[in-house]
Amino acid sequence: MTNEQIRQAVLQIISVIAPDEELTHVKSDVPLRDQLELDSMDFLDIVMELRKRYSVEVPEADYGQLASLDSCVTYLAPKLKDK
Amino acid sequence: MNHHRRIVITGIGLTSPNGNTLAEYRANLLKGVSGVVWFETRYMGKVLAGVCTYDPLKYQMKKEVRRGTRAGSISIYCCQEAVADAKLDVPALDKNRVGVYLGITEHGNVETENEIYNISQFNYDTKFWSHHHNPRTVANSPAGEVTLNMGITGPHYTIGAACAAGNAGVIQGAQMLLLDEVDVALAGGVSESIHTFGIFASFASQNALASHSDPTKASRPFDRDRNGIVCSEGGCVFVLERLDHAEARGARIYGEIVGYHMNSDASDFVLPNALRHVECMQTALKRAGIAPQDIDIVSTHATATPLGDIQECQALRTVFADCPKTHFNNTKSFIGHAMGAAGALELAGNLPAFDDGVVHPTINVDHLDPQCEVPNLVLNTPKKLPRVDYILNNSSGMLGINSVVIVKRV
């Protein structure tokens, strides 16, 4: 997957988890929780969806890597390069 | 009696398979409109069920709906509607003094089935089991969702009481008001049970699941050709207050809860016990300080199982042996069996009779089972009475649990 595909994949997951949120103006370099109503259960949902959709495992120690869209892309790119 | 010791109903919120407000529901009960439809369920295909059409997004964000449960969503809708109907000044309410008491037949089966199906798509690997499972399935979940949605900080819990649960929720709310634990009780019952195949499959295995080519004819208590239960979802919540509290704010009063009782059959897992039904109704009448002759409407529990209806009618004939003005009806014939919501919905459907004097009927009785004959059983068309002063609402459930609520016109 390209970086843009990963970015869109994460946004698509968030659109399901946070269906009331407007995502068109999400800033890539700003923490998602500073822009959106996301709590710890939502982040667990993101982790679960990455597992279900892309067979990607995100260990708890790495949850901080999913803070922003940019950091998601950086963290997930090597894991999704062959997807 | 001291007005601080009298409990009144000042608001009603409900969703039923044939109505999402009391007015719509009552109108359909008087017009003979059923809410039973064909419903697709996992593993079993189309089954007969009562399905609600309320708008969850009237009071919830999409995320709340996704994260919570159907029972929680129904509870939120009913509580919000009840509070609005009661014209409570919500911002001015002391939220510590509001309690939520919801009867449930069961909770968690829907969510557990969904998770098992979910992991079945991943070769039963439990790492795909959702972290939402526990908060969705704790037994207080439907009532807890209400407190989260409405910012209520008083007590909340559910009352597991099989199909006697709707009345049980009302009784619990009344008792907490009498104990002065709260000033406002949101009390009633809810059910999401149609969203798991298990309830249908279990009734089918028990030979107690209704079948009929026409869904609207499927739920037919007291009819000779009845063949079982139509499962339904739904909810009904009453705003209960002490009379002095209600009068102080000039509230509209639907009726006063003057009598109630619960007891246990202690005789069988599923078969009802007419003697215990009798004792339950008689004890409620005694608590109300009235005679059977004073009751104008008895809202029966009958679910359209061959034996259950007969047992209840035996009990009714015993308690109301010499009661020429007492009339009997059944609401499940319209909406099916709404399980934890059933008792509360059935009571709500009858309360407007205090104003219009009309007893809604039992529909779908083409051939009355002789063993279900009860004097003044109102069949198929509504009946106008000169005046309605007392309604007795009868419910019972598996493991032998009975609940009766008596409401008086105020």
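This is a predicted model: local features need pLDDT of at least 70, side-chain atom pairs count only at pLDDT 80 or more; totals for chains, interfaces and linings use all residues.
1. **Confidence.** The model scores an ipTM of 0.95 and a pTM of 0.97. For chain B, the mean pLDDT is 97, and 100% of the residues reach 70 or more.

2. **Overall form of chain B.** Chain B contains 14 helices and 15 strands. Its radius of gyration is 20 Å, close to the 22 Å that the globule rule gives for 410 residues, so chain B is as compact as a globular protein of that length. Along its principal axes, the C-alpha trace of chain B spans about 65 × 50 × 40 Å.

3. **Burial and contacts in chain B.** Of the 410 residues in chain B, 56% count as buried. The contacts can also be sorted by how far apart the partners stand in the sequence. Among contacts in chain B with a separation of 6 or more, residues 24 or more positions apart account for 80%.

4. **Two domains in chain B.** The domain assignment divides chain B into domain 1, residues 3-248, and domain 2, residues 255-408. The C-alpha centres of domain 1 and domain 2 of chain B are 21 Å apart. To the contact between them, domain 1 of chain B gives 62 residues and domain 2 of chain B gives 54.

5. **The domain 1 side of that contact.** Several helices and strands give two or more residues to the side of domain 1 of chain B that touches domain 2 of chain B, among them β1 (7-15), α1 (22-31), β4 (98-104), α7 (165-178) and β8 (234-242) of chain B. The largest share of this side, 8 residues, comes from α7(B). By class, the side of domain 1 of chain B that touches domain 2 of chain B has 33 nonpolar, 20 polar and 9 charged residues.

6. **Helix α3 of chain B.** This helix covers residues 70-86 of chain B and has 17 residues; at 1.5 Å a residue it should span 24 Å, and its end C-alpha atoms are 24 Å apart, which agrees. Is α3(B) enclosed by the rest of the structure or exposed? Of its 17 residues, 16 are buried, so α3(B) is largely enclosed by the rest of the structure. Just after α3(B), Lys87(B) takes a positive phi of about 55 degrees.

7. **A closer look at Val298(B).** Val298(B) lies in strand β10 of chain B, which runs over residues 297-300. A residue counts as buried when 20 or more other C-beta atoms lie within 10 Å of its own. Val298(B) has 29 other C-beta atoms within 10 Å and is therefore buried. Which residues are in contact with Val298(B), leaving aside its neighbours within four places in sequence? They are Leu316(B), Phe320(B), Thr326(B), Phe328(B), Leu392(B) and Asn394(B).

8. **Overall form of chain A.** Chain A has 4 helices and 0 strands, and its pattern along the sequence reads α-α-α-α. The radius of gyration of chain A is 12 Å, close to the 12 Å that the globule rule gives for 83 residues, so chain A is as compact as a globular protein of that length. The C-alpha trace of chain A spans about 30 × 25 × 20 Å along its principal axes.

9. **Burial and contacts in chain A.** Buried residues make up 22% of the 83 residues in chain A. Among contacts in chain A between residues at least 6 apart in sequence, 54% join residues at least 24 apart.

10. **Helix α3 of chain A.** The 15 residues of this helix, 40-54 of chain A, should span 21 Å at 1.5 Å a residue; the end C-alpha atoms are 21 Å apart, which agrees. Within α3(A), Asp45(A), Ile46(A), Val47(A) and Leu50(A) are buried. The cover over the buried residues of α3(A) includes α1 (3-17) of chain A. After α3(A) comes Ser55(A), with a positive phi near 55 degrees.

11. **Where the chains meet.** In the contact between the two chains, 8 residues of chain A touch 7 residues of chain B. The side of chain A that touches chain B has 5 nonpolar, no polar and 3 charged residues.

Key: Residues are numbered from 1 along each chain as its sequence is written. Chains are lettered from A and ligands numbered from 1 in the order in which they are written. The radius of gyration is taken over C-alpha atoms; the globule rule is 2.2 Å times the number of residues to the power 0.38. A residue is buried if 20 or more other C-beta atoms lie within 10 Å of its own, exposed if 12 or fewer, and partly exposed in between; C-beta atoms are placed from the backbone. Ala, Val, Leu, Ile, Met, Phe, Trp, Tyr, Cys and Pro count as nonpolar, Asp, Glu, Lys and Arg as charged, and the others, Gly among them, as polar. The expected span of a helix is 1.5 Å times one less than its number of residues. Domain bounds come from an automatic or database domain assignment. pLDDT is the predictor's confidence in each residue, from 0 to 100.
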